[in-house]
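Here are some quick notes to go with the coordinates. Have a look at the fold before you read on.

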Amino acid sequence: MADAQDQVRLQIVEAIRMLERIGLLDMNGHLSARVPGRPDRFFINARGASRAVVGPQDLAICDLEGRPEPGSPEPPSEVYIHSAILRRRPDVGAVLHNHPHWQLVLGIAGLQPQPVFSIGSFADPATPVYERSSLINTPEMGEELADVLGDGRVAHIRHHGAVYAAANVQEVFALAVFTEENAKKQYQAALLNPNYHVLSGENLERTRETNWAPKIVQKIWTYYRDKWLTREGE
Ligand SMILES: [Zn+2]
């Protein structure tokens with residue numbers, strides 16, 4: 001089990017550093033994942049650890065109320081986003097919160113996400129929106145956000161960011177990358193033509209089915225990881 005825990009620690013660290021490298025995390029944002037063998041505990045990057053150089057030792061371990069274990073580094077103030085979702089959703093193994101530029105711009109403009117790009121076609125016009133924009137730094141706000149997310153994969157936090165819930169670290173990484181890629185394409189298409197094309201009907205269903213499967217998530221992860229590892233230090 002120690003090996004499995006080390007592996008998840010490494011995945012979290014790699015995901016955070018890759019997300020930072022591609023502009024989807026900055027000095028803020030956090031990724032959590034359940035501790036293998038201890039489903040009522042989760043790892044999360046510590047409050048004080050830079051996202052650019054975070055290492056496996058920089059992860060806090062918290063319970064499902066967001067309390068750190070004795071000796072653990074201090075978790076981020078928004079840990080309650082993670083504890084509330086992981087407590088309610090046994091299907092979720094990893095949660096990410098970030099401040100993605102293009103999704104924020106669409107939300108500020110009052111536009112809901114539309115499926116416009118094949119790999120990002122899971123984008124859902126019914127993506128729920130949490131309207132309280134401050135730091136989500138109380139258990140009550142964590143519960144409210146988890147209510148808004150419901151059994152979905154993505155929720156928007158107006159003027160603030162997004163939260164993603166997935167089975168594992170690789171999936172939550174891919175979800176964040178392609179939610180943002182879809183939002184960017186939607187934004188640019190809307191500038192060129194307010195009546196831009198949106199995937200729909202059977203075409204949408206088949207596009208979603210064929211573009212979002214575990215082996216595709218793995219391919220996305222491997223590509224970004226290889227790219228990051230070969231360019232690290234450039
Ligand atoms: Zn935030």
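1. Which strands does H2 lie across, and at about what angle does H2 run to E4? Keep in mind that this is a predicted model. The strands under H2 are E1 (30-35), E2, E3, E4 (94-98) and E7 (161-166). Relative to E4, H2 runs at about 150 degrees.

2. Now the sheet itself. Seven strands make up an open sheet with mixed pairing, and reading across gives E3-E2-E1-E4-E7-E6-E5. The edges are strand E3 (59-63) and strand E5 (129-130), each of which pairs on one side only.

3. On the E3 side, the neighbour is E2 (residues 38-45), and E2 and E3 pair in the antiparallel sense over five bridges.

4. The axes of H2 and H4 (residues 139-149) come within 8 Å and cross at roughly 50 degrees, which means H2 is oblique to H4. The crossing of H2 past H4 is right-handed.

5. Who makes that contact? From H2 come Tyr80, Ile81, Ser83, Ala84, Ile85 and Arg88; H4 supplies Pro139, Met141, Gly142, Glu143, Leu145, Ala146 and Leu149. Sorted by class, the H2 contact with H4 has nine nonpolar residues, two polar and two charged.

Definitions and conventions:
Residues numbered from 1 in each chain as written. Predicted model: local features only at pLDDT ≥ 70, side-chain atom pairs only at ≥ 80, totals over all residues. Axes fitted to C-alpha atoms, helices over the stretch in contact; angles between N-to-C directions. Helix = DSSP H or I, 4+ residues; strand = E, 2+ residues; numbered from the N terminus. Parallel < 35°, antiparallel > 145°, perpendicular 65-115°, else oblique. Left-handed = near helix turned anticlockwise from the far one by under 90°. Contact = placed C-beta atoms within 7 Å. Nonpolar A, V, L, I, M, F, W, Y, C, P; charged D, E, K, R; others polar. Pairing = 2+ DSSP bridges.
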